[in-house]
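Subject: Handing over the structure, with notes on helix packing

Dear colleague,

I am passing on the structure we spoke about, together with what I found when going through it. Please have the sequence and the coordinates open while you read.

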Amino acid sequence: MLLVTGITGHTGRYFLQELMDHKYEGAVRCIVRETSDTYMLDNCGLNIEKIYGDLNDQEFMNKCIKNVETIMHIAGIQNSVNVVTAANFNKVKNVVLVHTTGIYSKYKSASELYQNIEDEIKLLTEKSDHKLNIIILRPTMIYGDLCDLNMSKFIKMVDRLRLFPVINGGTGLIQPVNARSLGRAYFLVLKNLSRASQKEYIISGEKPISMKEAFKLISLHLNKKTCFINVPVMVGVALAYILKVASLGKIDFVEKVQRMAEDRSFSHELARKDFGYIPIEFKEGIGIEVKQFLEKKK
């Protein structure tokens, strides 16, 4: 049996679509919240078992993972320790954890939490008498629909501002991955568990692109004339600090500004080699999201 967390979320929906497109025949147990929109899940035509519960409840997790062979954990790195603990308890064979490339950031608050979680998972597996095959997927910046927390914000900003500030001239490199490509990657890993055994994979977009190039593509799809203004990173950080102090710490964009100048591009060559991962190009993906934005504005 396959157990999936986060299947009703942004990228989980595309994984479900892959299961549907390939007419997945195995039993799928899905952990969902009472507030989750399960319409797609209820009408997918697959062998689905829904279980309502909280991933933070270890007793619940231990029970619902009974008789499971493989776990696809999409719901977030914060719950990974509970998932692995329950997997060890039930002697699950395979666990695929969707984590983040944020662990590679040089900024402490962006990476320390993630590293602590993965250290705890490593300790759990080392202490366990059960051999658990853990595969870690590390997506880069995720985009693709208006519900994402990344490009959707930039689309709104470019649409609103004719003079658009870019940190360090927008030279920082990113490699955004479309949610559709990510859902496909989950399915490919599921079909190649033995080849992917005990490995970590970066799941990134087609190729690196500078922040300014990304903003220009957004502006092009919006059919806007945008003037980009260079803001040195130190100036941006200083303004972010002033805003933080003025808001008594309630608004803190300091690290977000710093990371705008940090290169966040990572190769997905190992994923391509091991299970044939090929992402869609950013120009196509951002075009889909901008189209959604414009249709919603009507």
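Predicted model: local features only at pLDDT ≥ 70, side-chain atom pairs only at ≥ 80, totals over all residues.

I begin with helix α8, which covers residues 211–222 and packs against helix α12, residues 282–297, at an angle of about 45°, with the two axes 9 Å apart. That angle makes α8 oblique to α12, and the crossing of the pair is right-handed. On the α8 side the contact is formed by Ala214, Leu217, Ile218, His221 and Leu222, which meet Phe282, Lys283, Ile286, Gly287, Val290, Phe293 and Leu294 of α12. Sorted by class, the residues in this contact of α8 with α12 are 9 nonpolar, 2 polar and 1 charged.

Taken by itself, α8 has 12 residues and reaches 17 Å from its first C-alpha to its last, close to the 16 Å expected at 1.5 Å a residue. The residues of α8 that are buried are Met211, Ala214, Phe215, Leu217, Ile218, Ser219 and Leu222.

The crossing of α6 and α12 is right-handed. Here Met151, Ser152, Ile155, Lys156 and Asp159 of α6 are in contact with Phe282, Ile286, Glu289, Val290, Phe293 and Lys297 of α12, and the residues of this contact of α6 with α12 divide into 6 nonpolar, 1 polar and 4 charged. If you compare the two lists for α12, you will find Phe282, Ile286, Val290 and Phe293 in the contact with α8 and again in the contact with α6.

Another helix pair to look at is α1 with helix α7, residues 179–191, whose axes come within 7 Å and cross at roughly 55°. These two helices are therefore oblique to each other, and the crossing of α1 and α7 is right-handed. The contact is made by Tyr14, Phe15, Glu18 and Leu19 from α1, together with Ala179, Arg180, Gly183, Arg184, Tyr186, Phe187 and Leu190 from α7. By class, the contact of α1 with α7 has 7 nonpolar, 1 polar and 3 charged residues.

Within α1, the residues Gly12, Tyr14, Phe15, Leu16, Glu18 and Leu19 are buried, and the buried residues of this helix pack against β1 (2–5), α2 (39–42) and β4 (70–73) as well as α7. Just after α1, Lys23 takes a positive phi of about 50°, although Lys23 is not a glycine. Lys23 sits in the loop between α1 (12–21) and β2 (28–32), and it is exposed, with a relative accessible area of 64%.

Lys91 lies in the loop between α4 (80–89) and β5 (94–98) and is exposed, with a relative accessible area of 53%.

The C-alpha atoms of Val189 and Glu59, which are 130 residues apart along the chain, are separated by 28 Å.

The other residue is Thr171, which lies in the loop between β8 (163–167) and β9 (173–174) and is exposed, with a relative accessible area of 53%. With residues up to four places away in sequence left aside, Thr171 touches Ser210 and Asp263. Thr171 and Lys127 are 44 residues apart in sequence, and their C-alpha atoms are 45 Å apart in space.

Technical notes
Residues numbered from 1 in each chain as written. Heavy atoms only, no water. Axes fitted to C-alpha atoms, helices over the stretch in contact; angles between N-to-C directions. Helix = DSSP H or I, 4+ residues; strand = E, 2+ residues; numbered from the N terminus. Parallel < 35°, antiparallel > 145°, perpendicular 65-115°, else oblique. Left-handed = near helix turned anticlockwise from the far one by under 90°. Contact = heavy atoms within 4.5 Å. Nonpolar A, V, L, I, M, F, W, Y, C, P; charged D, E, K, R; others polar. Expected span 1.5 Å × (residues − 1). Buried < 20%, exposed > 50% of the residue type's maximum accessible area, 1.4 Å probe, protein only.
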